[in-house]
Amino acid sequence: MMGAAANSAVAASRHMALYGTTSEQLAEVAVACRKHASMNPDAVMREPITVADHQASRFIVEPLRLLDCCLISDGGVCVIVTSAERAKDAKQPPVLISGMGQAYTTRTLEREDWWYVPHQKEALDRAYAMAGMGPQDVDVAQLYDNFTISVLLWLEHAGFCKPGESGPFVENGRIQLGGELPVNTAGGNLSESYMEGWLHIVEGVRQLRGQGGARQVQGAETCLVTGRGMTLNCSNAMLLTKGRSERACERTDGQSSAANAADERQRGGRVSERASEPMGRAAPRTRPTSASEEGG
Amino acid sequence: MSDYSKPLPDIDDETRPFWDGALREELRMQKCSRCGHIRYPISRICPDCLEPGHEWVPLSGRGEVYSSIVFHQVYDKAFADDVPYNVSLVQLDEGPRMFSNVVGVPPSEVTVGARVRVVFDRVTEEVAIPRFTPEEQ
């Protein structure tokens, strides 16, 4: 029919009708992203906004307003992926890809829950399973935010709250820095820049390297990054974990490189090169968690 | 010639039964000859069982609003004079869902769950567009 805003507006309308989600709750996502962008010198939109500002912004496709929509940006992003072995010796502290998952559907209107993008949960479940982690292990999240409603759906699919409960979940600053689950700490597509979600990976890496500056989540060890494309049909999720560099180890605990490598194996740490290897080679953590248990 | 200036469907052999039905004020969709699934959007094979064989069957034209949005932004200048206008996803009683407009009520006052029935908007000699309007109580 009808364009990206309209597709997400259909999802928002349905979510509101089923669960009582409000436009003010969508605003909480926009406000959090803008707050984080205000701490990001590279962000495009840095002027803080309030829920009232969101409510005063014009409708684009009702129920979505201007401040529910991401930016349109030109730019470039580079992510360098190498093996865990090589990453240990690199200048920057390594960040490991501990789990990843993808899922898609070819069906749209034929599927009754099409609007809810249920394949996102499959992608997340795969990422959690590969990492041997669950939502309770995530310290910070970078969730693909083409529109505010998308963040609500990710929060439900990722098991941070139950289906239908993401509206209340984002209230009271829970997804802001200092809250229980900081989301889109650089400002996201909504306020930093719309690089098709690639900046979400960059911000995840920065957070786990401790290079977040004013917006650093203290002690962040695990970051969830999600993405979506092809209108609503294709989704992916990645669990990034803090790695340890050779240099850092020598400085702090004098571990040998072999010990360090063994430690990484035990933790299930994987640098992205592993992503092309069979999933069966991943060594999950022993923590008995899964997204399907949490996600409902 | 019509002075209707908005986009019109490219009617071909695959879609003609749908539009011929609409001209006769009948909402028709494809019913799979193997599994009986009624499908929409129009497609060559059944999305449930992959069978190509089908027949076009008339539907009641009744259903309920599944999701409802209002366009304020003008994406196509042909619709510049129409904004704000309603677009709704309608859950038809026979199973399929279709996007259309709910007309006859202010665009923001269409509620999810409201009962609607099809009406046909004859925009040219060849084309009648199925839209929906609230069902009489």
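## A buried helix

In helix 6 of chain A, the buried residues are Thr148(A), Ile149(A), Ser150(A), Val151(A), Leu152(A), Leu153(A), Trp154(A), Leu155(A), Glu156(A) and His157(A). Here a residue is buried if 20 or more other C-beta atoms lie within 10 Å of its own, exposed if 12 or fewer, and partly exposed in between, with C-beta atoms placed from the backbone. Helix 6 of chain A is thus described as mostly covered, with ten of its ten residues buried. After helix 6 of chain A comes Gly159(A), with a positive phi near 85°.

This is a predicted model, in which local features need pLDDT of at least 70, side-chain atom pairs count only at pLDDT 80 or more, and totals for chains, interfaces and linings use all residues. Residues are numbered from 1 along each chain as its sequence is written, while chains are lettered from A and ligands numbered from 1 in the order in which they are written. Helices (H or I, at least four residues) and strands (E, at least two) are DSSP runs, numbered from the N terminus.

## A closer look at Leu152(A)

Leu152(A) has its place in helix 6 of chain A. Why does Leu152(A) count as buried? Because 29 other C-beta atoms lie within 10 Å of Leu152(A).

Leaving aside its neighbours within four places in sequence, Leu152(A) is in contact with His15(A), Thr21(A), Ser166(A), Gly167(A) and Val170(A). Two residues are in contact if their C-beta atoms, placed from the backbone, lie within 7 Å. Val44(A), by contrast, is 108 residues from Leu152(A) in sequence and 23 Å from it in space, C-alpha to C-alpha.

## Two helices that meet helix 6

Let us start with helix 2 (residues 23–37) of chain A, whose axis comes within 8 Å of that of helix 6 of chain A and crosses it at roughly 95°. That makes helix 2 of chain A roughly perpendicular to helix 6 of chain A. Axes are lines fitted to C-alpha atoms, for helices over the stretch in contact, and angles run from 0 to 180 degrees between N-to-C directions. Angles under 35 degrees count as roughly parallel, over 145 as roughly antiparallel, 65 to 115 as roughly perpendicular and the rest as oblique. Leu26(A), Val29(A) and Ala30(A) of helix 2 of chain A make the contact with Thr148(A), Ile149(A) and Val151(A) of helix 6 of chain A.

The axes of helix 5 (residues 119–131) of chain A and helix 6 of chain A come within 9 Å and cross at roughly 50°, which means that helix 5 of chain A is oblique to helix 6 of chain A. On the helix 5 side, the contact is made by Gln120(A), Lys121(A) and Leu124(A), and on the helix 6 side by Leu153(A), Trp154(A) and His157(A).

Strand 1 (residues 59–62) of chain A runs antiparallel to strand 2 (residues 64–65) of chain A, and two bridges join them. Strands pair if DSSP finds at least two bridges between them. With one residue between them, these strands form a hairpin, and Phe59(A) stands opposite Arg65(A) in strand 2 of chain A.

Strand 1 of chain A also pairs with strand 4 of chain B, in the antiparallel sense over two bridges. There, Glu62(A) stands opposite Val70(B). Across the two chains, 20 residues of chain B are in contact with 19 residues of chain A. The largest share of the chain B side, six residues, comes from strand 4 of chain B.
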